[in-house]
Amino acid sequence: MLYTNLSRNSEDIRCKCICPPYREVEGQIYKQNVSLKDCNCLHVVDPMPVDGKDVEAYCLRCECKYEERSSGTIKFTIIMYLSILGLLLLYMVYLTLLEPMLKRRLFGHSQLIQSDDDVGDQQPFANAHNVLSRSHSRSNVLNKVEHAQQRWRRQVQEQRKSVFDRHVVLS
């Protein structure tokens, strides 16, 4: 039992007393590292702002709470959060800087599958069969994903054009 109390960080346990204003004394918050049994106004409030008989009346107004936390768990959580954030940042750098350079080096400049003129006003999915047949002919998964992204972007552009320019909702 004594060993576990010694191994704890002194910041992990504390007693916090919130004392409201009393006569001419301002309200204050007192914190001290004491055990659970000593978590009361008499042990935590130091120096006592009132004298003699007013001590009991002052302490009755104070609300003392024993607080215990695990700094090890807090440190682990922060390290995990920062690690995940760092991995996401590295992935973002890869996507924005390295991936386009690798694509250019391996596949040359990417060409659009279809031009914006090929997309009809009434049939935004008219060339979907051609897009799918081209993507099936290429064996690289990266090209398939790129084609799907381009097709999706064109569909979104066509929908925006229809809604904002022509005020027509596509079905």
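**Entry 1: S71**

I looked up S71 and found it buried, at a relative accessible area of 16%. Buried here means under 20% relative accessible area, exposed means over 50%, and partly exposed lies in between (1.4 Å probe, protein chains only). The model is predicted: local features need pLDDT of at least 70, side-chain atom pairs count only at pLDDT 80 or more, and totals for chains, interfaces and linings use all residues. Residues are numbered from 1 along each chain as its sequence is written, and side-chain values use heavy atoms, with hydrogens and water left out.

S71 belongs to helix α4, residues 71–107. Helices (H or I, at least four residues) and strands (E, at least two) are DSSP runs, numbered from the N terminus. I then checked the side chain of S71 for partners and noted a polar contact with the side chain of D12, at 3.2 Å. A polar contact is a pair of N or O atoms within 3.5 Å; within protein, one must be able to donate a hydrogen and the other to accept it, and residues adjacent in sequence count only if both atoms are side-chain atoms.

**Entry 2: residues 78–97**

I took one feature from the UniProt record, an unreviewed entry: "transmembrane region" at residues 78–97. UniProt positions are given in the numbering used here, feature names are shortened, and annotations may be inferred rather than shown by experiment. In the model, residues 78–97 are 100% helix and 0% strand.

**Entry 3: salt bridges**

How many salt bridges does the structure hold? I count 3, a salt bridge being a side-chain nitrogen of Lys or Arg within 4 Å of a carboxyl oxygen of Asp or Glu. Side chains of opposite charge can pair when their charged atoms come close.

One of them joins the side chains of E67 and R14 at 2.6 Å, N to O. E67 sits in strand β3 (residues 63–68) and R14 in strand β1 (residues 13–19), so this pair ties together parts that are 53 residues apart in sequence. I list E67 as partly exposed at 25% relative accessible area, and R14 as partly exposed at 27%.

Another joins D54 and R23, at 3.2 Å, N to O. This pair links distant parts of the chain, 31 residues apart: D54 is in helix α3 (residues 54–61), and R23 is in the loop between β1 and β2 (28–32).

K65 is partly exposed at 46% relative accessible area, and E63 is partly exposed at 45%.

**Entry 4: R69**

I found R69 in the loop between β3 and α4. R69 counts as partly exposed, at 45% relative accessibility. The C-alpha atoms of R69 and I13 are separated by 6.5 Å, although the two residues are 56 residues apart along the chain.

**Entry 5: confidence**

I checked pLDDT, the predictor's confidence in each residue, from 0 to 100. The protein chain averages 77, and 72% of the residues score at least 70. Confidence is lowest in helix α1 (residues 2–7), at a mean of 41, and highest in β3, at 93.

Where pLDDT is low, the predicted coordinates should not be read in detail.
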